[in-house]
Amino acid sequence: MPGSLIATKLFVPKLKAGVVDRGRLSGQLQRGGAAKLTLVSAPAGFGKTTAVVAWLKSRPTGGAVAWLSLDQTDNQPAMFWPHVTAALQDAVGRIGAPQLDIPQPAEPPDDRIPAAIVNALAPLPESLELVLDDYHVIDQPAVHAGVTFLLEHLPPNVHVVMTTRADPPLPLARLRAQGDLVEIRAADLRFTADEVAAYLNGAIGLGLSAADVAALGTGRRGGSRRCSSPRSRSRGARMPRPSSPGSQAMTATSSTTWSRRCCSASPRTSGSSCSIPASSTG
Ligand SMILES: Nc1ncnc2c1ncn2[C@@H]1O[C@H](COP(=O)(O)OP(=O)(O)O)[C@@H](O)[C@H]1O
Ligand SMILES: [Mg+2]
């Protein structure tokens with residue numbers, strides 16, 4: 001790999017401990033394989049990267065995965081395409097396929113690299129997922145043009161997943177009209193009641209009963225007293241930090257209301273404490 005490339009940007013991120021299983025999102029991502037592009041578009045902290053990683057790990061079938069965690073330095077064709085190429089070469093190497101015949105960008109002009117990638121991927125015997133994580137860092141039209149070309153000519157065995165905080169200026173309407181775009185957005189990434197319960201009971205360890213969760217969901221404050229778990233009574237239950245789905249993804253759901261109800265109704269006399277992140281109180 002050329003010295004200017006960063007190998008760790010090609011690693012699929014590790015899932016953190018306590019990640020709530022979100023099978024419905026994995027299902028959406030899995031179905032996206034029939035399209036050319038799956039766009040996972042939502043603000044920071046909504047669990048985009050985690051959802052994609054969890055889906056990749058849960059896939060019933062194999063296939064190659066080329067992962068690229070983009071950053072500001074990739075916002076130019078001379079860095080973007082070598083990183084994409086390196087991610088693809090890594091991916092085919094892991095499935096034992098021969099290296100792809102993609103020239104270094106220095107040889108032909110950069111704008112020929114997407115075509116070279118298409119031609120190199122077309123004969124690949126396996127399916128391949130190309131994940132471009134944090135595509136919102138790209139704003140150079142030359143990069144978008146190359147990605148548009150890639151998507152328009154993508155071989156059927158290749159699928160692109162893009163996580164982004166904002167919709168990119170790619171021909172999304174055309175892809176959508178052709179049935180080649182699957183979209184997972186903030187509304188999809190918000191935690192369901194069951195996922196909130198799994199998070200509060202698993203990662204946070206509040207020990208809520210099914211009745212607690214049901215009572216919180218319906219807003220019956222009478223049930224809230226039971227939110228004070230043995231653990232929270234003894235050590236104080238802290239709500240998730242702002243960087244976790246407990247504050248951002250979950251904040252966007254009624255879970256914040258739930259958390260407020262739970263915390264505000266927790267019997268202070270029992271010594272329970274519960275801090276709501278600033279971002280979830282607005
Ligand atoms: N399903 C989940 N269960 C528990 N924690 C999660 C889950 N999804 C995301 N998180 C946590 O939320 C935080 C933000 O998730 P991340 O996937 O990085 O969001 P994004 O990619 O949208 O910025 C991380 O700390 C991550 O571990
Ligand atoms: Mg992310």
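The shell around ligand 1 takes at least three residues from each of two domains, domain 1 (7–189) and domain 2 (193–280); the bounds come from an automatic or database domain assignment. Welcome to this predicted model, in which local features need pLDDT of at least 70, side-chain atom pairs count only at pLDDT 80 or more, and totals for chains, interfaces and linings use all residues. Residues are numbered from 1 along each chain as its sequence is written, while chains are lettered from A and ligands numbered from 1 in the order in which they are written.

**Around the ligand**

Of the 19 residues around ligand 1, Val20, Gly47, Lys48, Thr49 and Thr50 come nearest. A residue is near a molecule if its C-beta atom, placed from the backbone, lies within 6 Å of it. Helix H2 (residues 48–58) gives the largest share of this shell, three residues. Helices here are DSSP runs (H or I, at least four residues), as are strands (E, at least two), numbered from the N terminus. By class, the shell around ligand 1 holds eight nonpolar, eight polar and three charged residues. Ala, Val, Leu, Ile, Met, Phe, Trp, Tyr, Cys and Pro count as nonpolar, Asp, Glu, Lys and Arg as charged, and the others, Gly among them, as polar.

**How helices pack**

Here are two helix pairs, with axes as lines fitted to C-alpha atoms over the stretch in contact and angles from 0 to 180 degrees between N-to-C directions.

| Helix pair | Axis distance | Angle |
|---|---|---|
| H1 (residues 23–31) and H2 | 9 Å | about 75 degrees |
| H3 (residues 77–94) and H5 (residues 141–152) | within 9 Å | roughly 35 degrees |

H1 and H2 are therefore roughly perpendicular to each other, a term for angles of 65 to 115 degrees. In H1, Leu25, Ser26, Leu29 and Gln30 meet Ala51, Val52, Ala54, Trp55 and Ser58 of H2. The residues of this contact divide into six nonpolar, three polar and no charged. Two residues are in contact if their C-beta atoms, placed from the backbone, lie within 7 Å.

In the other pair, Pro77, Phe80 and Trp81 of H3 meet Ala142, Val143 and Gly146 of H5. That contact has five nonpolar, one polar and no charged residues.

**A closer look at threonine 85**

Leaving aside neighbours within four places in sequence, threonine 85 is in contact with Ile102 and Ile117.

**The whole chain**

The chain has eleven helices and five strands, and 43% of its 282 residues count as buried.

Definitions and conventions
Parallel < 35°, antiparallel > 145°, perpendicular 65-115°, else oblique. Buried ≥ 20, exposed ≤ 12 C-beta atoms within 10 Å, placed from the backbone.
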